[in-house]
Amino acid sequence: MSTTIQQHPHFLSSEIEQSRPEDAFFHVIPVPFEESVSYGGGTGLGPAAILQASDQLELWDGKSKPADLGIYTADAIDCSGDAKDVIERIANATQCALQHNKMPVVLGGEHTVTWGVIKGFLDEGLFTGENAKSNQGKSKPNIGVVQIDAHCDLRHAYEDNLYSHASVMKRIVEQDIALYQLGIRAFCEEEIEARKAFNVSYIDGDEIVPNNIQEITLPDDFPDNVFFTLDIDGMDPSVFPSTGTPVPGGLGWYQTLNIFESVAKQRNIVGFDIMEFAPIKGFHAYDFAAALLTYKLMGIVQRNR
């Protein structure tokens, strides 16, 4: 199922006027794409639920006012048709934000969306040719991805679909993009081999959660620029049961925020996304939590620019 939002409020529409694209630092891009989900559904409804719940947020996030940097909400991506076409539309929308020298904040949708976002960075030509040469003599992109997730998403294909949500990180590392995975607790042997082949860094759920790890140290050779992808199922179902593929033993609320901030203190965050949020009818607390999480991450970015 692919869902298209026809009308939606802009982020924090009850509190602020919609900023012009050229005036807003944060460009919120809703992507209600849902096609390859393999268990529970509903991720296509996530962006609209987050935007509507954002009307209940306070402008002051407890430490600062992220909205002072300006927030522009783009039209929802048309998610009809072939997945490759949708990915191109996501890439184009990401490029539009980058051309304004702004930060894309992408609301999904299944995790496949993240490949479209990263493709937008690559198509725009940002952060390429600045890093050390790879073994093949090609310039490595000076952008890395930090991923909070319950799943590796490193299968080459799932159910013969190269653009499955279970394959999104494989599409990314194939572009010689560095990857650091956090909180993983469901993976297959193929994905373990992919980690080795693509030199993926990781702290899995059985280490990061029992040891209450609140910050990470990126490898010295990790790129200067980081895109942070946060799959809602990376957090514990006690915090977010509102996802299609929940796995027990995930990260907590403050742990997630603290880890994101530890990355922001070490590297330049160039964008982030919130993926696989599937609202549960009648349980608006989770919609609000997803909107607040989005705004809290904006605040961390603001304070660490």
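**View 1. Asp 176 sits in the loop between α4 and β5 (178-182).** This close-up, like those that follow, comes from a predicted model. Most residues other than glycine have a negative phi, and most peptide bonds are trans. Asp 176 has a positive phi, near 65°. With a relative accessibility of 29%, Asp 176 counts as partly exposed.

**View 2. Asn 212 is another residue other than glycine with a positive phi, near 50°.** Look for Asn 212 in the loop between α6 (205-208) and β7. Its relative accessibility is 48%, and Asn 212 counts as partly exposed.

**View 3. Gly 108 and Gly 109 are joined by a cis peptide bond.** The omega angle here is about 15°. Gly 109 belongs to the loop between β3 and α3 (113-124).

**View 4. Helix α1, residues 46-53, is mostly covered.** Of the eight residues in α1, seven are buried. They are Gly 46, Pro 47, Ala 48, Ala 49, Ile 50, Leu 51 and Ala 53.

**View 5. Ala 49 is a residue of helix α1.** Ala 49 counts as buried, at 11% relative accessibility. Setting aside neighbours within four places in sequence, Ala 49 makes contact with Phe 277, Pro 279 and Asp 287. Pro 9 and Ala 49 are 40 residues apart in sequence, and their C-alpha atoms are 10.0 Å apart in space.

**View 6. Phe 228 and Phe 260 form an edge-to-face aromatic pair.** A pair of aromatic rings is described by the distance of the centres and the angle of the planes. How many aromatic pairs does the model have? The count comes to nine. In the pair of Phe 228 and Phe 260, the distance is 4.8 Å centre to centre, and the planes make an angle of 65°. Phe 228 lies in strand β7 (residues 225-231) and Phe 260 in helix α7 (residues 253-266), so their pairing ties together parts that are 32 residues apart in sequence.

View 7. Phe 240 counts as buried at 1% relative accessibility, and Phe 277 counts as buried at 0%.

**View 8. Phe 121, Phe 127 and Phe 227 are linked by ring pairs into a cluster.** The charged end of Arg 195 sits over the ring of Phe 187, 5.3 Å from the ring centre. In a second case, the charged end of Arg 305 sits over the ring of Phe 25, at 4.3 Å from its centre.

**View 9. The second largest pocket holds about 300 Å³ of space.** Its lining is made up of 15 residues. Which of them lie nearest the centre of the pocket? They are Phe 25, Met 103, Asn 268, Ile 269 and Val 270. Phe 25 is also the residue whose ring lies under the charged end of Arg 305. Strand β8 gives the most to the lining, with three residues. Sorted by class, the lining has nine nonpolar, three polar and three charged residues.

**View 10. Lys 170 is found in helix α4 (residues 168-173).** Is this lysine buried or exposed? Lys 170 is buried, with a relative accessible area of 11%. Not counting residues up to four places away in sequence, Lys 170 touches Asp 153, Leu 154, Arg 155, His 156 and Phe 198. Gln 18 is 152 residues from Lys 170 in sequence, and the two are 36 Å apart in space, C-alpha to C-alpha.

Notes. Residues numbered from 1 in each chain as written. Predicted model: local features only at pLDDT ≥ 70, side-chain atom pairs only at ≥ 80, totals over all residues. Heavy atoms only, no water. Buried < 20%, exposed > 50% of the residue type's maximum accessible area, 1.4 Å probe, protein only. Helix = DSSP H or I, 4+ residues; strand = E, 2+ residues; numbered from the N terminus. Phe/Tyr/Trp six-rings, centres within 6.5 Å; stacked < 30°, edge-to-face > 60°. Lys NZ or Arg CZ within 6 Å of the ring centre and 35° of its normal. 1 Å grid on protein atoms, 1.4 Å probe; cavity = no way out; pocket = protein on both sides within 12 Å on 5 of 7 lines; lining within 4 Å. Points joined across faces, edges and corners; volume = space filled by probe spheres on them. Nonpolar A, V, L, I, M, F, W, Y, C, P; charged D, E, K, R; others polar. Contact = heavy atoms within 4.5 Å.
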